[in-house]
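Dear colleague,

I am passing on a structure for you to look through, and below it I have set out what was found. Please keep it open beside this message as you read.

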Amino acid sequence: MPRVRAAIGRLQPQRGTALGTGLAISLATLLPEAGIDAQALLYGTFPPQLGKPKATGEGTAIVLYSDGASNTGADLLKAGQLAANHNVRIFAVGIGTPEGAVVSADGRSARVRLEEEPLKKLATMTGGEYWRGGTPAQLKSV
C-alpha cells in the first residue's frame, strides 16, 4: 500500500478528465499479453472487434475513484466494453456530491459535481460494483 500512496502523491492536477484514456492505459498495462495498443486508444481508436479478446484478465480488477466526469480523451464506455471483453472488472467509487462544489488546486478553481450514471454503467457492464464515497465516512466504509 505505501507504493500506491506514493504514486497517488506524485499525481499532478491537469485540465480536463480523461477517464476512458486512463482505463485504456490501465488495461494495456495489466494485460500486456493482450496486445492492446495503448497509443491508439489514447486517440480514441478502439479495436474494430471489441467482442473478441486476445487474452483474459479473469481475476483482474481496476478500482476507479472519480467524480464521473470525462471530458477529454478516449470514450469511457468503449474503454469499459474493452475491459468487460477481457474479463476485467471495474469497481467505481464516486467522489463528491451531485450538488457539486468548487475545488481549487495549483491556483486553478473548477466547479465539480458527482456524475454517478457513467460510473454505475461502467461497474455494471464489467461485473464490478459502484459505491458513492462523498464523505470521509463513506469512503472509509468502502
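This is a predicted model: local features need pLDDT of at least 70, side-chain atom pairs count only at pLDDT 80 or more; totals for chains, interfaces and linings use all residues.

Which residues in helix 4 meet which residues in helix 5? On the side of helix 4 they are Leu 76, Leu 77, Gly 80, Gln 81, Ala 83 and Ala 84, and their partners in helix 5 are Pro 118, Lys 121, Leu 122, Met 125 and Thr 126.

As for how the two helices lie, the axes of helix 4 (residues 76–85) and helix 5 (residues 116–126) come within 8 Å and cross at roughly 20°. Because angles under 35 degrees count as roughly parallel, helix 4 is roughly parallel to helix 5, and the crossing is right-handed.

Beyond its neighbours within four places in sequence, Leu 27 is in contact with Ile 36, Ile 62, Ala 79, Leu 82, Ala 83 and Val 88.

Leu 30, which is also found in helix 2, is partly exposed, because its relative accessible area is 39%, a value between the 20% and 50% limits. Leaving out residues up to four places away in sequence, Leu 30 touches Thr 60, Ala 61 and Ile 62, and its C-alpha atom is separated by 9.2 Å from that of Ile 62, 32 residues apart along the chain.

Note on methods: Residues are numbered from 1 along each chain as its sequence is written. Side-chain values use heavy atoms; hydrogens and water are left out. Axes are lines fitted to C-alpha atoms, for helices over the stretch in contact, and angles run from 0 to 180 degrees between N-to-C directions. Helices (H or I, at least four residues) and strands (E, at least two) are DSSP runs, numbered from the N terminus. Angles under 35 degrees count as roughly parallel, over 145 as roughly antiparallel, 65 to 115 as roughly perpendicular and the rest as oblique. A crossing is left-handed if the near helix is turned anticlockwise from the far one by less than a right angle, and right-handed if clockwise. Contact means heavy atoms within 4.5 Å. Buried means under 20% relative accessible area, exposed over 50%, partly exposed in between (1.4 Å probe, protein chains only).
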